[in-house]
Amino acid sequence: LTGDLPVTAGTVAFAGRDVTKLPPEARAALGLARTFQVPLTFESMSVLDNATIGALLRHHNAREARAKARDVLQRVGLGAVIDTPARSLGTPGRKRLEIARALASEPKALLLDEAMAGLTPTEVRDAIDLVRRIHGGGITIVIVEHIMEVIVSLAKRVVVFHQGREISRGTPREVTSDPKVIEAYLGRRKVHH
């Protein structure tokens, strides 16, 4: 969707426009932003500079970009560490920093790839709250996630894939009670007589 991989079939449309052949930077300019399963940060740069990179997409004045980055870092809970190098952050901080960099680009849609992977249950709940706040600000969220608590807590519509194929779609309640989903993710129930 964000152009990181070439399309092998079909088309990608965003905001009523065919973006199939557009490079990632053009899609970002239209309002698509993403995070990665394994956070990608500029290790030796400060937290503020990492987020400023995202803000430079819309704010060509460095002072404005840094102000936007500061604001976003406060919103994601990293305001106290803006001057520290990104390498000093643990997994939760790195994931928040990547979300901040994406948000600083002022996206219309934010694609989160396994944003909760590797987090403790408390960190997952904090991350769910953060995603809710982002969505409440009017940004569409598309999330790839294996943690059912996250899906049930956040999603209005769910598409379930198993081995690369769609096996179910609907509300969280519909897909979690779908026998195909239960079999794929929990295994066939053995009946003993």
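This report describes the pockets and cavities of a predicted model.

Local features here need pLDDT of at least 70 and side-chain atom pairs count only at pLDDT 80 or more, whereas totals for chains, interfaces and linings use all residues. Residues are numbered from 1 along each chain as its sequence is written, and side-chain values use heavy atoms, with hydrogens and water left out.

On a 1 Å grid over the protein atoms alone, a cavity is a set of points where a 1.4 Å probe fits but cannot get out, a pocket is an open set with protein on both sides within 12 Å along at least five of seven lines, and lining residues have an atom within 4 Å of a point. Points are joined across faces, edges and corners, and a volume is the space filled by probe spheres set on them.

| Space | Volume |
|---|---|
| Largest pocket | About 1800 Å³ |
| Second largest pocket | About 470 Å³ |
| Largest cavity | About 90 Å³ |
| Second largest cavity | About 30 Å³ |

For the second largest pocket, 18 residues form the lining, and Ala28, Ala33, Arg34, Phe36 and Arg101 are the closest to its centre.
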